[in-house]
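Open the model in your viewer and keep the selection tool at hand. We will go from stop to stop.

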Amino acid sequence: DADVYGFSIPALMGLAPEGIAAKPTRLDDMIVPPVGHDVKVISIGMFVENANAAVAWRGPMLQRTITQFLTDVYFGDLDFLLLDLPPGTGDVAITVGQLLPHAEVLVVTTGQAAASEVAVRAGVLARQTGQSILGVVENMGALTLADGSRLELFGSGGADAVAAELSKDAPQPVHVLAHVPLSQALLEAGDAGTPIVLSNPSDAAAQALTALAQHIATSGPSRVGKSLL
């Protein structure tokens, strides 16, 4: 969870019952992360007093925290290392780009034009640090109502616009990998700390996320043994 200011992963992964996140375990000089739903998780939310604590740090402290999460946390043999970054092009994104220049970036946007513009800048920064763009995801997509109609509360087309812009002058085109619709079940699952792909796998949002995960895991060249440094 690299979103230091807006940490939410412990709660989403069921690791923050009653607002108090599970604590990591110290083993010599290493940090052993808590496990939620078979995923090892580390977050600044595990080091603050409660979920409402405000983290008011400037650049050097942010850089030190991200560096420690990547170097001092014992994850063991990795299948995938997933980082939830804050939006935009701030200190955290720059630090991650410097520390993991070979990482692949999944750019997430909503359908709104203003959001897609921010997402494009995040993708451009990733490339400037040597990272590659894995693809684009449009979140908070059309909500299907009881009568079967669709409500585009946050607009549409944002992901297509981001992919088109990031494809310009790129060696390979950037594709939209998923459209995740708004879903009441997704909201409830997140608040309960149970991934919707487990609690309600037939939900449209769960199906979109499952297909996205399968695409990441199986598409492109093998990532076995790939170094992120």
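How do the residues of the lining of the second largest pocket divide into nonpolar, polar and charged? They divide into seven nonpolar, eight polar and four charged. Here Ala, Val, Leu, Ile, Met, Phe, Trp, Tyr, Cys and Pro count as nonpolar, Asp, Glu, Lys and Arg as charged, and the others, Gly among them, as polar.

Before going on, note that this is a predicted model: local features need pLDDT of at least 70, side-chain atom pairs count only at pLDDT 80 or more, and totals for chains, interfaces and linings use all residues. Residues are numbered from 1 along each chain as its sequence is written, and side-chain values use heavy atoms, with hydrogens and water left out.

**Stop one: the pocket**

Select Glu-104, Ser-132, Ile-133, Leu-134 and Gln-172. Of the 19 residues that line the second largest pocket, these lie nearest its centre. A pocket is an open set of points on a 1 Å grid over the protein atoms alone, where a 1.4 Å probe fits, with protein on both sides within 12 Å along at least five of seven lines; lining residues have an atom within 4 Å of a point. The volume of this pocket is about 360 Å³. That volume is the space filled by probe spheres set on the points, which are joined across faces, edges and corners.

Now colour strand E6, residues 132–141. Strand E6 gives the largest share of the lining, four residues. Helices (H or I, at least four residues) and strands (E, at least two) are DSSP runs, numbered from the N terminus.

Most residues other than glycine have a negative phi. Met-140 counts as partly exposed, because its relative accessibility is 33%. Buried means under 20% relative accessible area, exposed over 50%, and partly exposed in between (1.4 Å probe, protein chains only).

Jump to His-37, in the loop between strand E3 (35–36) and strand E4 (39–40). His-37 also has a positive phi, about 55 degrees, although it is not a glycine. It is partly exposed, at 35% relative accessible area.

Select Pro-34, in the loop between strand E2 (30–32) and E3. Is Pro-34 buried or exposed? It is buried, because its relative accessible area is 11%. Show its contacts, meaning heavy atoms within 4.5 Å. Leaving out residues up to four places away in sequence, Pro-34 touches Leu-15, Ala-22, Lys-23, Pro-24, Val-39, Lys-40, Val-41 and Met-46.

Move to Ala-22, in the loop between helix H1 (9–12) and strand E1 (25–27). Ala-22 is partly exposed, at 27% relative accessibility.

**Stop four: the helices**

Select Met-61 in helix H2 (residues 59–71). Met-61 is partly exposed, at 35% relative accessible area. Asp-91 is 30 residues from Met-61 in sequence and 9.9 Å away in space, C-alpha to C-alpha.

Next, show helix H3 (residues 91–99). Which residues of H3 are buried? They are Val-92, Ala-93, Thr-95, Val-96 and Gly-97. Their cover includes H2 and H4.

Finish on helix H4 (residues 113–128) and helix H5 (residues 158–167). They pack at an angle of about 35 degrees, with axes 9 Å apart. Axes are lines fitted to C-alpha atoms, for helices over the stretch in contact, and angles run from 0 to 180 degrees between N-to-C directions. From H4, Ser-116, Ala-119, Val-120, Gly-123, Val-124 and Arg-127 meet Gly-158, Val-162, Glu-165 and Leu-166 of H5. The residues of this contact divide into five nonpolar, three polar and two charged.
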